[in-house]
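Biologist: Before we start, could you take me through this model feature by feature, giving the general idea and then the case at hand?

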Amino acid sequence: MPGNPNEIKLVNNAMSNVTRRKIMNFLSAGDKSAEEIGGEVGKTMLDFHLKLLQQASLIEIEEGTVRLSEYGRNFLKEKEEKGADKTADISQAKPIEITEVRQLLPCIADSSKFRVIANIAPPLGGTLKVLEPLFPRGKYSDKIGALIIQKGEIITTVYGTGKVTMTMIKSEAEARESLQSLKNTINEAIAKGVAPAPREKVRVEPMEIYKYLPQTNCGKCGEQSCYTFAIKLMVGEIALDKCTPLKEPGYVTNLEHLQVLSAYI
Ligand code: SF4
């Protein structure tokens, strides 16, 4: 069982490659033949990958059957338990494609902009949760099973089912460009086989909150001004739903932005 620095180096080197991580994950379902492994991860340099995993004592090869060693099984188990604190293995995820941009509807808050409904395939399901750190303003919602990404004026919601919605889009060209950028970011992480470790919270400034408030200083929340409300929201002294004008149809998009921003406070 690896213990000294050289042996640990062999393990780290073996696990630094996406194909070898895929092999390990594939073997966690049971013993396989080299043929079966080649069918799953591809046959290119398969002997080389298996040799490195064997040298690191992560797998055993006997009479054409490949299996996880006891150390390999413990290694995967330990990795799974520590998963929440480290980078997430997404080597099983398949690259996505934008399959269709289905609808462009006018935004309720601003009729010069559009709300877009699109689809990606294959659906990312629960993998979306570990993709959250890829986006500086991304937040996964367990409640709706979706990753909500804020970038400038645009809010993109990627559902585990493959559905994607975007708000405040200027044109179909902008929608396609934003979707392409989303696809590239996700596929780059899938190609590497890992999503980055959970990151620090993004700092939200009171001015950013104020920007999305109605800015009428109506006082319905009990505060003298919207800016005071923004500061109190920042420090947790007031709840977002105290600003009742935000429930009016004209502020639908503002409310969506504020809900995303609130997640970072
Ligand atoms: S209720 Fe909303 S719009 Fe009215 S002052 Fe408070 S924050 Fe501003």
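**Reading the model**

Modeller: Let us begin with Glu 205, whose place is in the loop between strand 11 (194-195) and helix 8 (206-212), where helices (H or I, at least four residues) and strands (E, at least two) are DSSP runs numbered from the N terminus. This is a predicted model, in which local features need pLDDT of at least 70 and side-chain atom pairs count only at pLDDT 80 or more, while totals for chains, interfaces and linings use all residues. Residues are numbered from 1 along each chain as its sequence is written, and side-chain values use heavy atoms, with hydrogens and water left out.

Biologist: Is Glu 205 exposed, partly exposed or buried?

Modeller: Buried means under 20% relative accessible area, exposed over 50%, and partly exposed in between, computed with a 1.4 Å probe on protein chains only. Glu 205 has a relative accessible area of 39%, so it is partly exposed.

Biologist: Which residues have the most contacts inside the largest nonpolar core?

Modeller: A nonpolar core is a set of buried Ala, Val, Leu, Ile, Met, Phe, Trp, Tyr and Cys residues joined through side-chain atoms within 4.5 Å. The largest one here has 26 residues, and Leu 124, Leu 131 and Ile 186 have the most contacts inside it. Among the elements that each supply at least two residues of this core are strand 6 (114-121), helix 6 (127-131) and helix 7 (172-192). Helix 7 provides the largest share, 6 residues.

Biologist: How many cavities of 30 Å³ or more does a search of the whole structure find?

Modeller: On a 1 Å grid over the protein atoms alone, a cavity is a set of points where a 1.4 Å probe fits but cannot get out, whereas a pocket is an open set with protein on both sides within 12 Å along at least five of seven lines; lining residues have an atom within 4 Å of a point. Grid points are joined across faces, edges and corners, and a volume is the space filled by probe spheres set on the points. The search finds 1 such cavity, and the largest cavity has a volume of about 100 Å³. Its lining has 16 residues, of which Cys 218, Gly 219, Cys 221, Cys 226 and Cys 243 lie nearest its centre.

Biologist: What takes up the space of the largest cavity?

Modeller: A molecule sits in a cavity or pocket if more than half of its atoms lie within 2 Å of its grid points, and here the space taken by the ligand is the largest cavity. A residue is near a molecule if one of its heavy atoms lies within 4 Å of it; the residues around the ligand include Pro 214, Thr 216, Lys 220 and Phe 229.

Biologist: Which element gives the most to the lining of the second largest pocket?

Modeller: Helix 7 does, with 6 residues. That pocket has a volume of about 320 Å³, and among its 16 lining residues Phe 135, Ile 149, Lys 151, Ser 178 and Ser 181 lie nearest its centre.
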